[in-house]
Amino acid sequence: MAEVWFYHLELRPVEQELPGLLQRGMERGLRMAVFVPDEAVAKFLSDKIWGHEDVAFLAHGLDGEEGAAKQPIVISASGRAANSAHFAFYVHGTMPMDISQHDRVIILFDGRDETRVQQARELWKRFKGEGAVIKYWKQDDDGRWKDMAAT
């Protein structure tokens, strides 16, 4: 079963946090998918990733584009990962259904949005009940991620 990691965003929005997380995966040679609710969000995140200055070049493509299966990162509104991703990121309220095809599922949620917090709580209960290994990451005042489930 996949590990499930929750990232509780309070300091910066997902489009500012996601590139750094993707960069760490690229450094490890991982194939990743970012699941979004619709094509507009997919395009928005793609533009943000291409334009992000704090990290190295992040090669990626949109699901459905020619060559997407060869990309290390695919952004998908379809619910499928054309690149056989090891790690799956779920953002903007997108909910994972079947996590068995991934090594790790990462759920980034806006801690300032009570609806997103409630969704995360429900997913936590679901995956905990299914026996998944869960980690809960939250930023400290300096912006460093801390595993709150380990403390």
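Reply: Tyr7 has a relative accessibility of 5% and therefore counts as buried (buried means under 20% relative accessible area, exposed over 50%, partly exposed in between, with a 1.4 Å probe and protein chains only). The model is a predicted one, in which local features need pLDDT of at least 70 and side-chain atom pairs count only at pLDDT 80 or more, while totals for chains, interfaces and linings use all residues. Residues are numbered from 1 along each chain as its sequence is written, and side-chain values use heavy atoms, with hydrogens and water left out.

The ring of Tyr7 belongs to a cluster in which ring pairs also link Trp5, Trp137 and Trp145 (rings of Phe, Tyr and Trp, the last by its six-membered ring, pair if their centres lie within 6.5 Å; planes under 30 degrees apart count as stacked, over 60 as edge-to-face and the rest as tilted). Another member, Trp5, has the charged end of Arg104 over its ring, 3.6 Å from the ring centre (NZ of Lys or CZ of Arg must be within 6 Å of the centre and within 35 degrees of the ring normal).

At least two lining residues come from each of β1 (3-9), α1 (14-27), β5 (87-90) and β6 (104-110) (DSSP runs numbered from the N terminus, helices being H or I of at least four residues and strands E of at least two). Of these, α1 gives the most, with three residues. Sorted by class, the lining of the largest pocket consists of seven nonpolar, one polar and three charged residues (Ala, Val, Leu, Ile, Met, Phe, Trp, Tyr, Cys and Pro are nonpolar, Asp, Glu, Lys and Arg charged, and the others, Gly among them, polar).

To return to the rings, the structure holds six aromatic pairs. Tyr7 and Trp145 form one that is edge-to-face, at 4.8 Å centre to centre and 80° between the planes. Since Tyr7 lies in strand β1 and Trp145 in strand β8 (residues 145-147), this pair ties together parts that are 138 residues apart in sequence. Trp145, with a relative accessibility of 15%, counts as buried.

Trp124 and Tyr136 form an edge-to-face pair too, with 6.3 Å centre to centre and 85° between the planes. This pair links helix α3 (residues 114-129), which holds Trp124, to strand β7 (residues 134-139), which holds Tyr136, and the two residues are twelve apart. Trp124 is partly exposed at 28% relative accessible area, and Tyr136 is partly exposed at 22%.

As for confidence, the chain has a mean pLDDT of 90, and 95% of its residues reach 70 or more (pLDDT is the predictor's confidence in each residue, from 0 to 100).
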